[in-house]
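These are my notebook entries on a structure that I went through on screen. I begin with the core and then turn to the aromatic rings and the sheet.

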Amino acid sequence: MDLKQILGFVGVGLAGLNVLFCVLALALDSWIDEVFLDVGLWKGWTGTPDWLHATRAMVFLGLFCMIGALVTAILYVFVKKDDKMFLFISIGLSGIAGLFMMIGFAIFADETSYLPYDYGAGFALCVIGWLLAWGVAGLFAFMFILSRGSSAPS
């Protein structure tokens, strides 16, 4: 097995892990850590403020982009090994997913910064999803650089 193939498997695995983190970030009712109170994106608010809708939308968009990045990465690694278009799409969708996740948790952090509580697991998974999405984009970009170097004429 060559390095490009190993990196492809690692990239697909990390993209799949990031999809799981995005789903958990959306589902968990622990964005704010309080012993007697469950506060997340779907529970714990007396009303539904506009900034909460924006946070939900950004995290959903991040999830959808990461699912697209995972699908195109699987297609590139296992089916269309020579078609760089799938690699470019994976790089772009991973980067955009990271951007959406970053905007989502930034809106939430800005609007809840006045609360005396700490952030919980759902918020942490959103931050990890942001970092992991950009890591996956960087890994796929590195794969592209490796594939360009190996196909160059000597």
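For the core I used this definition: a nonpolar core is a set of buried Ala, Val, Leu, Ile, Met, Phe, Trp, Tyr and Cys residues joined through side-chain atoms within 4.5 Å. I took buried as under 20% relative accessible area, exposed as over 50% and partly exposed as in between, with a 1.4 Å probe and protein chains only. The model is predicted, with local features needing pLDDT of at least 70, side-chain atom pairs counted only at pLDDT 80 or more, and totals for chains, interfaces and linings using all residues. Residues are numbered from 1 along each chain as its sequence is written, and side-chain values use heavy atoms, with hydrogens and water left out.

**Entry 1, the core.** I looked up the largest nonpolar core and found 42 residues in it, with W31, M66, F108 and C126 having the most contacts inside it.

For contacts I counted heavy atoms within 4.5 Å. Leaving aside neighbours within four places in sequence, C126 is in contact with A25, W31, V59, M101 and F105. I then checked S94, which lies in helix α3 and counts as buried at 0% relative accessibility. Not counting residues up to four places away in sequence, S94 touches M66, A69, A133, W134, V136, A137 and F140.

I let rings of Phe, Tyr and Trp (its six-membered ring) pair if their centres lie within 6.5 Å, with planes under 30 degrees apart stacked, over 60 edge-to-face and the rest tilted. The whole structure holds 15 aromatic pairs. W42 and F60 have ring centres 6.1 Å apart and planes at 70°, so I noted this pair as edge-to-face. W42 sits in the loop between β2 (37–39) and α2 (50–79), and F60 sits in helix α2, 18 residues apart. W42 is partly exposed at 45% relative accessibility, and F60 is partly exposed at 31%. I also found one aromatic cluster formed by W31, W45, W51, F105, F108, Y119, F123, W130 and W134.

Two strands pair if DSSP finds at least two bridges between them. Three strands form an open antiparallel sheet in the order β2-β1-β3. β2 and β3 (118–119) stand at the edges with a single partner strand each, so one side of each has no neighbour in the sheet. Strand β1 (residues 32–34) pairs with β3 over two bridges, and the bridge partner of I32 in β3 is Y119.

Conventions. Helix = DSSP H or I, 4+ residues; strand = E, 2+ residues; numbered from the N terminus.
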